[in-house]
Amino acid sequence: MEIKTDGHRWTQDYKMGAPTAPLAQHEATDETGTSVTFWSDPEIFETTEYSFETLSRRFQEMAFLNKGLTISLTDERESAKATVGADDPDAEAAAEPAARTVTYHYEGGIVDFVKYLNSRKGELVNPTVIDIEAEDTERLLSAEIAMQWNSSYSEGVYSFANTIHTHEGGTHEEGFRAALTTLVNKYAREKKLLREKDDNLTGDDIREGLTAIISVKIGEPQFEGQTKTKLGNTEAKTFVQKVVHEHLTDWFDRNPNEAADIIRKGIQAATARVAARKARDLTRRKGLLESASLPGKLSDCQSNDPTKCEIFIVEGDSAGGSAKSGRNPMYQAILPIRGKILNVEKARIDKILQNTEVQALISAFGTGARGLRHREAPLSQDHPDGGRRRRRPAHQHPAADLPLPLHASAGRGRARLPLPPAALQDQVGRDDFEYAYSDRERDALVELGKQNGKRIREDSIQRFKGLGEMNAEELRVTTMDVEHRVLGQVTLDDAAQADDLFSVLMGEDVEARRSFIQRNAKDVRFLDI
């Protein structure tokens, strides 16, 4: 610890939480401030290797949530320095590598956060970000809310309590939603934008295309839920609901044209919702969403226990044939689909439900009639092969197009990506196979084989670039056998960042996508053409 206060600089070292020496007084100074320098103790922390990208995302979020705050992150590790300028042929070998540094500072706070998230969402419905701030000093409560609608069909409402991202929402988010739905319907009735015979707009209708940040500061926060990311303070709901109603009413009155555009956006969403409901009713009548009429290409499993069942979504009939022969038919179902089905980022729910492949997915998952039929949804696309990865642009990855049932599974950690390995074959024993899941593991197996007298040629190492290249037995052993396979879990850690990335990769802004590819192209390794 280094503290500058009371006219001097003071220092003290600690280990395992206890000081190792008395507080030391140093030179005089007029500066003030505190600096903490630490190394993570592996006896306390499970992970002591930090991800620059993870930290930078969190620090950027902190800077957004605290307007005017400047946060700098510098990576001085030698491994990070070695990558900076490594591709520059004009760089002098003797030059000291530069450290990787990012700095975040936002004078607008969460207003800048909304602008940042909406920058890749297409046209704006209301060009001005609605900014709400209020404080109750007696109850130690304050709220900052920023919101803006765009022309997309997705909702992006993100809530925070004391700068902690409340992934599961909570009372502050409930108050925001309740006030927004009540106020918009009331205003629409008063301005005759909704006729008497029209039904009220639902909350989902109103929030279509909305990007909003809800940030509350509370003296004694109460967090609930399994992961403690849900705010439970009842006073937060009342406070946020009152504040949003008052400020948004005033904003609507002062901006009638933008308010009318927002309501018209909600009416369009309601129209699509009604059309989607009719589409669902029609498909139910046809039996598409009922268990008695599953997709024709689905090879279903025999078990009815959803906690044990899995469904493998494979690209094309060739991979489906191998997977069907290599699976355990008791618990593993196979569904072949086209690789590129529908960009759901740019489609309303009614269009999504009319898509044949989406109907097949809904039917296979059972989400249309009686809940999710399968525990996991492993995707068999673009696998690492022996440590190498066959790359395709992320916005062309079939998984990016898969609709809400599968994205919801990813959010709950129920989606998996099988990781097929490379196969090493002994030159003498043609049936003697070993499998490696990384370059390092492959090299170690090759070296061990040589030490044991095996002869392994380079051309006897087969790298699988997809399930279609495997025969049924190879697929069974490496990808479907629960005793040997490797599954990578698909998770959704930061919804705001994921939403922004999806907008870049799948949205309308071609220039943003080109810029993303140019920025990240240098990170691609082992590209197979």
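Guide: A salt bridge is a side-chain nitrogen of Lys or Arg within 4 Å of a carboxyl oxygen of Asp or Glu. This is a predicted model, in which local features need pLDDT of at least 70, side-chain atom pairs count only at pLDDT 80 or more, and totals for chains, interfaces and linings use all residues. Residues are numbered from 1 along each chain as its sequence is written, and side-chain values use heavy atoms, with hydrogens and water left out.

Visitor: How many salt bridges does a search of the whole structure find?

Guide: One of them joins the side chains of Arg-195 and Asp-198, with N to O at 3.3 Å. The search of the whole structure gives a total of 19.

Visitor: How many residues apart in sequence are the parts that Lys-265 and Glu-208 tie together?

Guide: The closest N and O atoms of the Lys-265 and Glu-208 salt bridge are 3.5 Å apart. Helices (H or I, at least four residues) and strands (E, at least two) are DSSP runs, numbered from the N terminus. Lys-265 belongs to helix H7 (residues 256-286) and Glu-208 to the loop between helix H5 (203-207) and S13, so the pair links parts whose separation in sequence is 57 residues.

Visitor: Which strands are the edge strands of the five-strand sheet?

Guide: Two strands pair if DSSP finds at least two bridges between them. The open sheet has mixed pairing and the order S9-S10-S13-S11-S12. Those that pair on one side only are S9 (130-136) and S12 (164-165).

Visitor: At what angle does helix H6 run to S9?

Guide: Axes are lines fitted to C-alpha atoms, for helices over the stretch in contact (heavy atoms within 4.5 Å). Angles run from 0 to 180 degrees between N-to-C directions. Helix H3 (residues 110-118) lies across S9, S10, strand S11 (156-161) and strand S13 (210-218), at about 25° to S10. Helix H6 (residues 234-254) lies across S9, S10 and S13, and its angle to S9 is about 135°.

Visitor: By how much are neighbouring strands of the four-strand sheet turned against each other on average?

Guide: This open sheet has antiparallel pairing in the order S5-S2-S1-S6. Strand S5 (24-28) and strand S6 (33-35) each have a single partner strand, so one side of each has no neighbour in the sheet.

Visitor: Which residue is the bridge partner of Lys-4 in S6?

Guide: Strands of a sheet pair through backbone hydrogen bonds, either parallel or antiparallel. Strand S1 (residues 2-5) and S6 pair in the antiparallel sense, over three bridges. In S6, Lys-4 has as its bridge partner Gly-33.
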